Amino acid sequence: MQRKNEQLMKAVAEKLKELRSKKGVSQHVVSSDTYLNMGNLELGKTNISISTLSILCEYYGITMEEFFKGL
């Protein structure tokens, strides 16, 4: 049984990159502001937790529903 959905993980990573780009900040700035390792998250190699995603959605000023729209 597959425990990771690689396609979904990559889609989440791309969405995180898009949101960061729209905000006009670097990975370093987001990492400093949220205490999260954005490099790993934006590579799509790490399974993101709901808690981490919630922190990032709040940081980017969107809901989790908005985050998943179009994924």
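How many residues apart are Lys-22 and Glu-18 in helix 1? They lie 4 residues apart, about one turn of the helix. The close-ups below come from a predicted model.

**View 1. Helix 1 from end to end.** Helix 1 runs over residues 6–23. Asn-5 caps the N-terminal end: a side-chain oxygen of Asn-5 sits 3.2 Å from the backbone nitrogen of Gln-7. Just after the helix, Gly-24 has a positive phi of about 75°.

View 2. Met-9, Val-12, Ala-13, Lys-15, Leu-16, Leu-19 and Arg-20 are buried. The face turned away from the buried side carries exposed Gln-7, Lys-10, Ser-21 and Lys-22.

View 3. Side chains of opposite charge can pair when their charged atoms come close. Lys-17 and Glu-14 form a salt bridge, 3.1 Å from N to O. Lys-17 is partly exposed at 30% relative accessibility, and Glu-14 is partly exposed at 46%. Lys-22 pairs with Glu-18, with the closest N and O atoms 3.3 Å apart. Lys-22 is exposed at 66%, whereas Glu-18 is partly exposed at 37%.

**View 4. A salt bridge between helices.** Arg-20 meets Glu-42 in a salt bridge, the closest N and O atoms being 2.7 Å apart. Arg-20 lies in helix 1 and Glu-42 in helix 3, so the pair ties together parts 22 residues apart in sequence. Arg-20 is buried at 17% relative accessibility, and Glu-42 is buried at 2%.

Key: Residues are numbered from 1 along each chain as its sequence is written. This is a predicted model: local features need pLDDT of at least 70, side-chain atom pairs count only at pLDDT 80 or more; totals for chains, interfaces and linings use all residues. Side-chain values use heavy atoms; hydrogens and water are left out. Helices (H or I, at least four residues) and strands (E, at least two) are DSSP runs, numbered from the N terminus. The expected span of a helix is 1.5 Å times one less than its number of residues. Buried means under 20% relative accessible area, exposed over 50%, partly exposed in between (1.4 Å probe, protein chains only). A polar contact is a pair of N or O atoms within 3.5 Å; within protein, one must be able to donate a hydrogen and the other to accept it, and residues adjacent in sequence count only if both atoms are side-chain atoms. A salt bridge is a side-chain nitrogen of Lys or Arg within 4 Å of a carboxyl oxygen of Asp or Glu.
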